[in-house]
Amino acid sequence: MPRNRSGLPIALLALAAIAQSGCFLLDPRVGPEADFDADPHTGRAPLEVQFTDRSDSGTSPITERTWSFGDGSTSSELNPLHLYPAAGSYTVSLRLRTKDGTDLEERAAFIVVAPGVRAAAEFQAAPRSGEKPLSVQFTDQSTPGTGTITSWSWSFGDGQTSTAKDPVHVYQSDGTYDVSLTVQSPAGTATTTKSDYIVVSSAPAAAFTGSPRSGFTPLSVQFIDQSTAGSSPITSWAWSFGDGGASAVQSPSH
């Protein structure tokens, strides 16, 4: 190292001169500067937001990155995608750390989420009436509102249920049935119920006896109706005796 006549290193004399003049050496190290953006800033719940880190790392690489989304969730990703499921106004912050320092950028009410629109439950069925066993095709006609419908819950009125979107159900017994559908979406649930929507009937079963069943002509036979009515009363009878004769009486003699 070069020395002056006093024997001191020239570099040390330069530092001493700077100190005596009141000047200070600048530290070349620069800490990070946090900055970020998001898209979108507003919308209806559930709202998916893409965050973008636009920070300057300074003179050394970023070693730690912490996002806080204002709803209790955090991330250490560079450009995180975050879902806000509920309405609200959210403060977002980004904290950076390098070996040369730290920085925090916090923005109040940066993301504003409006309440979502709930789904509206609706359906149709075909056929809506007939004899048992009655196979009915149910068709979901619900509107999803904000987001998409994630589940379906059917109640067919006979104790049976389904979670299919468009189920087929077989009614095994006579009756009049209320049907309901509940749908779930990110904004909540919705239910619709249709009273007396499905009517299931059974046909009458014709049966009879006759006495006597044989004999000499002229043979008088007493016929007895033994039919079962099904789901509604029998309103008419039509007998054909096989010899061209007929009757509309319930239990005729021929």
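How many strands and how many helices does the protein have?

**Figure 1. Overview of the predicted model.** The protein has 20 strands and one helix. Of its 254 residues, 26% count as buried. Among contacts between residues at least 6 apart in sequence, 55% join residues at least 24 apart. The protein exposes about 15400 Å², and 52% of that area is supplied by carbon and sulfur atoms.

**Figure 2. The largest nonpolar core of the protein.** This core has 20 residues. Phe-138, Trp-154, Tyr-171, Val-179, Val-183 and Ile-198 are those with the most contacts inside it. At least two core residues each come from β9 (123-126), β11 (134-140), β12 (151-155), β15 (175-185) and β16 (188-201). A second, separate core has 17 residues, including Ala-34, Phe-36, Val-92 and Val-113.

**Figure 3. Surroundings of Val-183, one of the core residues named above.** Neighbours within four places in sequence are left aside here.

**Figure 4. The aromatic pair of Phe-51 and Trp-67.** A search of the whole structure finds 18 aromatic pairs. In this one, the ring centres lie 5.6 Å apart and the planes make an angle of 50°, a tilted arrangement. Phe-51 belongs to strand β3 (residues 47-53) and Trp-67 to strand β4 (residues 64-68); the two are 16 residues apart. Both Phe-51 and Trp-67 are buried.

**Figure 5. An aromatic cluster and a charge over one of its rings.** Phe-36, Phe-51, Trp-67, Phe-69 and Phe-110 form one aromatic cluster. Arg-107 lies over the face of Phe-36, 4.2 Å from the ring centre. Phe-36 is also among the residues of the second core.

**Figure 6. Lys-194 over the face of Phe-123.** The distance to the ring centre is 4.5 Å.

**Figure 7. Ser-202 in the loop between β16 and β17 (208-211).** Ser-202 has a relative accessible area of 15% and therefore counts as buried, the cut-off being under 20%. Its side chain makes a polar contact with the side chain of Asp-174, at 2.7 Å. With neighbours within four places in sequence left aside, Ser-202 is in contact with Lys-132, Asp-174, Gly-230 and Ser-231.

How values were computed:
Residues are numbered from 1 along each chain as its sequence is written. This is a predicted model: local features need pLDDT of at least 70, side-chain atom pairs count only at pLDDT 80 or more; totals for chains, interfaces and linings use all residues. Side-chain values use heavy atoms; hydrogens and water are left out. A nonpolar core is a set of buried Ala, Val, Leu, Ile, Met, Phe, Trp, Tyr and Cys residues joined through side-chain atoms within 4.5 Å. Buried means under 20% relative accessible area, exposed over 50%, partly exposed in between (1.4 Å probe, protein chains only). Helices (H or I, at least four residues) and strands (E, at least two) are DSSP runs, numbered from the N terminus. Contact means heavy atoms within 4.5 Å. Rings of Phe, Tyr and Trp (its six-membered ring) pair if their centres lie within 6.5 Å; planes under 30 degrees apart count as stacked, over 60 as edge-to-face and the rest as tilted. A charge sits over a ring if NZ of Lys or CZ of Arg is within 6 Å of the ring centre and within 35 degrees of the ring normal. A polar contact is a pair of N or O atoms within 3.5 Å; within protein, one must be able to donate a hydrogen and the other to accept it, and residues adjacent in sequence count only if both atoms are side-chain atoms. Accessible areas come from the Shrake-Rupley method with a 1.4 Å probe; for residues, only the protein chains shown count as cover.
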